[in-house]
Amino acid sequence: MNTIAINPDLANVDYTDLLTKILQVLKQKQIFNISKDNQRVLINIDQVVNEVINLQPYNPLGNERSVRTATLNFSSGSYHKFREQITEIADCTQQCLTAAISQNPSNISIDRFQFIKQLTIDLESLSISKQPSKLDFSYNFPKYQNLQKQRLTVKKSESKQRQLLKAHKVKISVEKPRDFSSSLLIGINNFIDARFTDSSDREDLEYVLDGLKENPNSDIYRLQNLVNQETLGKLKKLVKIKYLEFLLDNINENASADNFKGKIYLEDLIRRLKVLDDYINDTNQPDGEYLVNYAGISVNYQTMFSRSEAYDMLPIIPIIEGYLGETEDQNREKIEFIFGLKLKFDGKVQNDGGKSVFDYNLNLLNPDSKEHQTEIADESRKFTFVNKVLKLAFLYYFLFASRQDPKSENYNPKHELDYDPLTKLATVLLTLKSNDDQAKKQLFRNLLKGFKLYNVQDKIDTLKKVLTNLIKRETPFFTREYPLHISVKNSILENDINTINDRDTVFKPVLRDNFKDCLKYINLGTANAETNYLVSLKANLKISEIHFLETEDKETFDMEYDIPKGIRVLPVVFLPMEDKKCSEFYSKNLQHRNLIIFPYRLETQKLETHQEFTYKIVYSLLAYICLYVLFAKQTKLFIPILRLHLKEKTDHAPIEKFIVSLTAVLSHLFNDGYRSNEQGIVITNFAEKAKFKIPNVLSSLYSVVPKKFKLLKTDNFEFKELDKLAIIVISSRESDSKWGKKVKKSNLMGEIVTLQIEPQSVRFQLFKTFSENYDDHENMFEYPTVVVDNVDKLYKQGYRHFIYIAKVPYSSTLHITQIAKDEELFFMSKNVITALKKERHDIKIYPMFFDKYYAVKIPDNIKSTSLYIQDTIELTELAEDPNKQSVVFFNLFNGIALSKENNYNGVMSYATLLNIYDGILDDQDIREGLLSQESDLKNEILQCLTLFHFSRYEKSKDIQLKLDPYQNLIGDESVSQLALFKHSRVKADFNSLAFLTYIKEILAKPE
């Protein structure tokens, strides 16, 4: 068990007063209500929470500031008290349960363990022969026959195979990144030679420069870190403009009137983005030029628009999405990154009645709109919203201000190219810099009026139509290359010798004061031999297409549930019991079942921000402890958790969203020792959609039940190399951290799935989930104890092949400062792989990470919906290449578009690492298991990976592979993301998964 250490560099938490008040209420209230027939246990912690709120407990975080997350860094003296109080709450809960059980005379002779065991039922008893007609946990566990997958191939020259998909990608190459330090020093000396001729000044400067070189934390190394960490982001921002140029080159303006106008609109968009970029990166502007404010909140436009995501609020803009590989030569002479490209089209915003992105953002900008006024009035969201409004005002003015109306009789689209947004920028900025918010509101209104008057939406619609047709064009696009230089401007250096001597540095203060404000000193442009740059690195952007072609290779298989004998079930339901519709739904569908029931409060009963935090933390704590007490000593138990909702996902419903998060955390924790899954259903207008909703909800809820795949002998595929395989998925989330500090505490979480393999079948079963807290974030990447321990267990059970999956570890820096280190590999680090493998030479570990990129279907009517590609995206000879690489080796595609308007389909991309683990893993094992075209082992592993995607599909019919089977652990919908909620009155996050993981440790091994 991890002992929690107190870190003085992190914010302290003290839960003493909160837990004292929980105990105060618990000791006076019976929270368990057992039905007379002994079939249902209602746990009324909602009432306890409300009473605790009324007692106004102290904020556990106190008045700490600059906090990013705060969960487990206890204040001095409160750590041992916390453990004592948690144990006391658990004891009190046990006593309440025992007392509630004994109130029924028929329970006199049984203890709480026996009572709960009587409450469970056999999982097979819930199996029915027909599709379920009501939501009472009964399910027909259908068999699925003739599921199919089809192989695609990457386009070869002169191929006659039919093209089904195509995608765009960019390769970013940077030459000689390891020459940076020496080149920088040469540049500084050249600057000194040119600017300082006095011998005494030169003497002083040599002394200052020697000090900078000798100090590893000096400004020289700060600048090196700046270029290392921030350049790739700036390159990605430039790629967006270059991709628009790439598309512009492929539009035939003579094909139609729309094409003629659309090409001009795209040219104008590119022109304005370049003007904006030049303005933002002008180092000659005074410091106050870019400072604006609204509603008491200040923003620096230069900082805001220097970031890679600066343009992402535009209705049409490229998005760099999907990691397709990385190569670094072993002498650090060159590094290459490959990313997927797609276009954001002015689509519908689902949570606002389907408005277009442009209309949605204009509504936010409108000071008279309900959304604008509501967000400004909410102190917890005001800062983020004001940043968004000021960004929109500047960006939309710069890109859409015009004097040309496309609906006017004499409209000439070429005149759009004559408008200079800089002409009136000074007037716009003068208003935004002032202290007159009313004038700013009028400016916003005038912008909206102008956009409407000159029919900007029409121009956007035309450009959208032209680009939509363009990306679906079957004719190949020619590859384009864009050479450039990455340079550091010498304006980052001081000119005044007295200032240099006073500060002991030749660099301006901004390098120490605000890292992000220094982005303006990194220039991306054409080669320049002038002396206004300190150092330059050659780079190249290459934009091209990937073509995926149809093959005749298809495989067919069947899938069925494989329910183990003796599995007991005890369903848990969370519901807003006070609502009449909910009460009626419960009575009709669920009341006859053996259940654990948790009521939660209605959304109509609004809470203040600090009360909402108290509600969430107390409800989470008591829900977990109650279930922990209830399930104690139960074996082979499956816990399906069902949520009843009154609100849709897109509604503002903080309590219902919290219940979604809580059940995800509970399910994850209880999958270590039991089996559990959670699913919600909106019961409003339920009757109209019941026929479709019920099977899908139950299919999702029971997706954790083991599944077995049977391959058809006619496909001639047979497993020969594998009999057992384990899939380990791992991720993490910080639990305690401060802005600007590297030190942090974190929670590691993951899951393990085991595969039992026979020549013609594969059985998938969740082995367990795990969650573990680390006082030092870096220790996770050295020796993740919980993962190592489980690999040891599986090894003893005969497992020798392990697929090891984590999130993308590379792609954030140029590796300029990396000297024989692998810190950027995170869970793929050499130390972790060493810990997993130990001295066991018969273990085969296949490190892989995944990402999603996007492709367009050509034509739209692809018949097969489960496609896979085993070619490497970059058609290179990998066998003898000594460079460090991440290589994409497998792609999966399911053909499901998110909406009719969506022009792209997701492709799941798997990559592995080569030439990284010298002396730890044999690269030959990775090549044979994942890359070699001639390897039977590779085909078997990729077959298992494909079937794993099928096993995670959650709908009840039209079964196909699930594009992202890891969403529960990694991404926006992951348990670690859902586990975060805000502390009261501050912006800091509280990590409920880390918190409850520690509660679990205390209850399992009390001191």
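**Entry 1. The second largest cavity**

How do the residues of the lining of the second largest cavity divide into nonpolar, polar and charged? I counted 8 nonpolar, 1 polar and 1 charged in that lining. I note at the outset that the model is predicted.

I then listed the residues that line this second largest cavity: Lys166, Ala167, His168, Tyr243, Leu341, Ile471, Tyr854, Ala855, Val856 and Tyr904. Strands β6 (163-175) and β26 (844-857) are the elements that give two or more residues to this lining. I recorded a volume of about 50 Å³ for the second largest cavity.

**Entry 2. The largest cavity**

I looked up how many cavities of 30 Å³ or more the structure holds, and the number is 2. The largest cavity contains about 220 Å³ of space. Its lining is made of 14 residues, and Tyr265, Leu399, Phe400, Lys459 and Ile460 lie nearest the centre. I found that α8 (257-280), α12 (379-400) and α15 (456-471) are the elements that give two or more residues to this lining. By type, the lining of the largest cavity has 9 nonpolar, 1 polar and 4 charged residues.

I turned next to a pocket. The second largest pocket holds about 660 Å³ of space. It is lined by 23 residues, and those nearest its centre are Asp672, Ser771, Lys1000, Glu1001 and Ala1004. At least two lining residues come from each of α19, α20 (654-670), β24 (761-774), α22 (785-796) and α27 (992-1004). Which element gives the most to this lining? I found that α22 does, with 5 residues. The lining of the second largest pocket divides into 10 nonpolar, 5 polar and 8 charged residues.

**Entry 3. The largest nonpolar core**

I counted 346 residues in the largest nonpolar core. Those with the most contacts inside this core are Tyr301, Phe598, Tyr619, Tyr804 and Tyr910. Helix α19 (residues 609-631) provides the largest share of the core, 15 residues. In soluble globular proteins, nonpolar side chains tend to be buried together.

I selected Phe598 and looked up what it touches, leaving out residues up to four places away in sequence. Its contacts are Ile43, Ile45, Val572, Val573, Phe574, Leu575, Tyr619, Ala623, Cys626 and Leu627.

**Entry 4. Helix α23**

I examined helix α23 (residues 830-837), in which Val832, Ile833, Ala835, Leu836 and Lys837 are buried. The cover over these buried residues includes α22, β25 (801-807) and β26. Just after α23, Lys838 takes a positive phi of about 55°.

Most residues other than glycine have a negative phi, and most peptide bonds are trans.

Asn38 is in the loop between β1 (32-34) and β2 (40-43). Is Asn38 buried or exposed? Asn38 counts as buried because its relative accessible area is 16%, which is under 20%.

Gln56 is in the loop between α2 (45-54) and β3 (67-69). Gln56 counts as exposed because its relative accessibility is 61%, which is over 50%.

I located Asp558 in strand β15 (residues 533-561). Asp558 and Lys143 are 415 residues apart along the chain, with 7.5 Å between their C-alpha atoms. Beyond four places in sequence, Asp558 touches Tyr144, Gln145, Asn146, Lys708, Phe709, Lys710 and Leu712.

Arg445 belongs to helix α14 (residues 437-453). I recorded Arg445 as partly exposed, with a relative accessible area of 26%. Apart from its neighbours within four places in sequence, Arg445 is in contact with Pro367 and Asp368. From Arg445 to Glu289 there are 156 residues in sequence and 23 Å in space, C-alpha to C-alpha.

**Entry 5. Confidence**

The mean pLDDT of the chain is 89, and 93% of the residues reach 70 or more. Over residues 874-880, pLDDT stays under 50, and the model has 12 contacts for them beyond four places in sequence. Where pLDDT is low, the predicted coordinates should not be read in detail.

Notes. Residues numbered from 1 in each chain as written. Predicted model: local features only at pLDDT ≥ 70, side-chain atom pairs only at ≥ 80, totals over all residues. Heavy atoms only, no water. 1 Å grid on protein atoms, 1.4 Å probe; cavity = no way out; pocket = protein on both sides within 12 Å on 5 of 7 lines; lining within 4 Å. Points joined across faces, edges and corners; volume = space filled by probe spheres on them. Helix = DSSP H or I, 4+ residues; strand = E, 2+ residues; numbered from the N terminus. Nonpolar A, V, L, I, M, F, W, Y, C, P; charged D, E, K, R; others polar. pLDDT = per-residue confidence, 0-100. Contact = heavy atoms within 4.5 Å. Core = buried A, V, L, I, M, F, W, Y, C linked by side-chain atoms within 4.5 Å. Buried < 20%, exposed > 50% of the residue type's maximum accessible area, 1.4 Å probe, protein only.
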